[in-house]
Amino acid sequence: VEPQGPEENTPSGLRGVKNIIIVMSGKGGVGKSTVTVELALTLRSMGKKVGILDIDLCGPSIPRMFGISNQRVHQSSYGWIPVYPLADKTIALMSIGFLMNNPDEAVVWRGPKKNSLIKQLLDGVYWDDIDYLLIDTPPGTSDEHITIVEALRQYSPEGAVLVTTPQAVSVADVRREITFCRKATLPILGVVENMSGFICPNCEECTNVFSSGGGKDLAEEYAIPYLGNIPIDPELTKTLEEGGNFIEKFPDSRVASTMRTIVTNLI
Ligand code: ADP
């Protein structure tokens with residue numbers, strides 16, 4: 001069924017979106033996509049309608065986290081129609097992965113091709129009514145980030161959430177993100193420290209594997225909000241591999257309660 005589109009026959013772009021949040025990280029593998037997915041599921045559990053735009057060219061992993069990596073999207077006269085991974089249609093997902101023939105395709109793309117695809121994804125998706133659009137970006141601060149920030153400026157995004165791990169290297173990378181956001185006048189909504197301690201599957205006690213508190217110190221140093229720290233939870237890894245909904249499956253877990261704190265700090 002074709003959705004009810006805007007009056008004129010043009011893609012709605014981001015006009016139906018109330019709040020835009022950009023999720024960034026200094027480097028790959030720190031859990032940026034995981035945090036994006038859990039933010040979406042937590043917002044949903046609070047009754048919000050959420051969109052996720054996955055433009056992580058280095059590895060669009062969000063479709064897999066919802067167990068729908070083989071989906072294809074189709075285009076209507078209003079733009080690309082996102083995929084709804086959950087039966088109640090409370091989460092809409094558009095991923096650059098839906099447009100690739102294989103996950104490594106973007107590696108060989110030149111900058112202009114990447115930038116033009118990113119622009120198309122920012123303007124050409126039919127989001128309908130969405131309370132929060134979460135944008136998962138590539139790691140680091142590249143030309144693509146400038147494209148994203150420039151293209152979004154007209155929509156006044158709420159700002160960026162910066163994801164880091166406790167290790168110093170990653171924290172040093174986040175410093176570059178902070179500088180980038182400040183230069184680009186993109187508000188920083190706060191820092192999330194992920195993989196902060198390990199939840200033992202047997203006793204549920206949290207052990208600090210790496211030094212902890214890096215994210216908090218950094219937030220204090222730069223006077224930006226510290227949103228919270230998410231422990232490593234093997235159940236989270238497993239649930240994501242299965243494409244399941246962790247927040248619904250483990251509502252009493254440390255991860256789920258931390259996510260609620262983070263979202264409450266955010267909205
Ligand atoms: P990024 O988007 O930064 O490259 P991902 O979100 O893909 O990183 O996460 C990398 C891997 O780490 C994934 O397999 C994910 O399931 C796992 N992971 C991330 N955060 C956690 C966590 N807090 N607990 C357990 N596993 C995690």
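Let me begin with a convention: Ala, Val, Leu, Ile, Met, Phe, Trp, Tyr, Cys and Pro count as nonpolar, Asp, Glu, Lys and Arg as charged, and the others, Gly among them, as polar. With that convention, the shell around the ligand contains 9 polar, 6 nonpolar and 2 charged residues. Please bear in mind throughout that this is a predicted model.

I shall stay with the ligand for a moment. It is surrounded by 17 residues, and the closest of them are Gly31, Lys32, Ser33, Thr34 and Thr237. Which elements each supply at least two residues of this shell? They are the helices α1, residues 32–45, and α7, residues 234–241, together with β8, residues 188–199, and β10, residues 226–232.

Let us take α1 first. Of its 14 residues, 13 are buried, so α1 is largely enclosed by the rest of the structure. After the helix comes Gly47, with a positive phi near 90 degrees.

I turn now to β8, another contributor to the shell. Here 9 of the 12 residues are buried, so this strand too is largely enclosed by the rest of the structure. What are the partners of β8? One is strand β7, residues 159–164, which pairs with β8 in the parallel sense over 5 bridges. Another is β10, also parallel to β8 and also paired over 5 bridges. Val192 of β8 illustrates both pairings: Val163 stands opposite Val192, and Val192 in turn stands opposite Gly228 in β10.

The next strand to consider is β6, residues 130–136. It is mostly covered, with 6 of its 7 residues buried. Strand β1, residues 17–25, pairs with β6 in the parallel sense over 6 bridges, and Ile21 stands opposite Leu134 in β6. Strand β2, residues 50–54, also runs parallel to β6 and is joined to it by 5 bridges; there, Val50 faces Tyr132 of β6.

Setting aside neighbours within four places in sequence, Leu133 is in contact with Leu14, Val17, Ile20, Gly51, Leu53 and Trp127.

Pro63 is found in helix α2, residues 62–65. Is Pro63 buried or exposed? It has 23 other C-beta atoms within 10 Å, and a residue is buried at 20 or more, so Pro63 is buried. Its C-alpha atom is separated by 8.5 Å from that of Met94, 31 residues apart along the chain. Not counting residues up to four places away in sequence, Pro63 touches Ile68, Ser69, Gln71, Leu93, Ser95, Gly97 and Phe98.

The other two residues have a positive phi without being glycine. Asp128, with phi near 60 degrees, lies in the loop between α3, residues 111–123, and β6. It has 18 C-beta neighbours inside 10 Å and therefore counts as partly exposed. Ala223, with a positive phi of about 55 degrees, is placed in the loop between α6, residues 214–222, and β10. Ala223 has 7 other C-beta atoms within 10 Å, and the limit for an exposed residue is 12 or fewer, so Ala223 is exposed.

Note on methods. Residues are numbered from 1 along each chain as its sequence is written. This is a predicted model: local features need pLDDT of at least 70, side-chain atom pairs count only at pLDDT 80 or more; totals for chains, interfaces and linings use all residues. A residue is near a molecule or strand if its C-beta atom, placed from the backbone, lies within 6 Å of it. Helices (H or I, at least four residues) and strands (E, at least two) are DSSP runs, numbered from the N terminus. Two residues are in contact if their C-beta atoms, placed from the backbone, lie within 7 Å. Two strands pair if DSSP finds at least two bridges between them.
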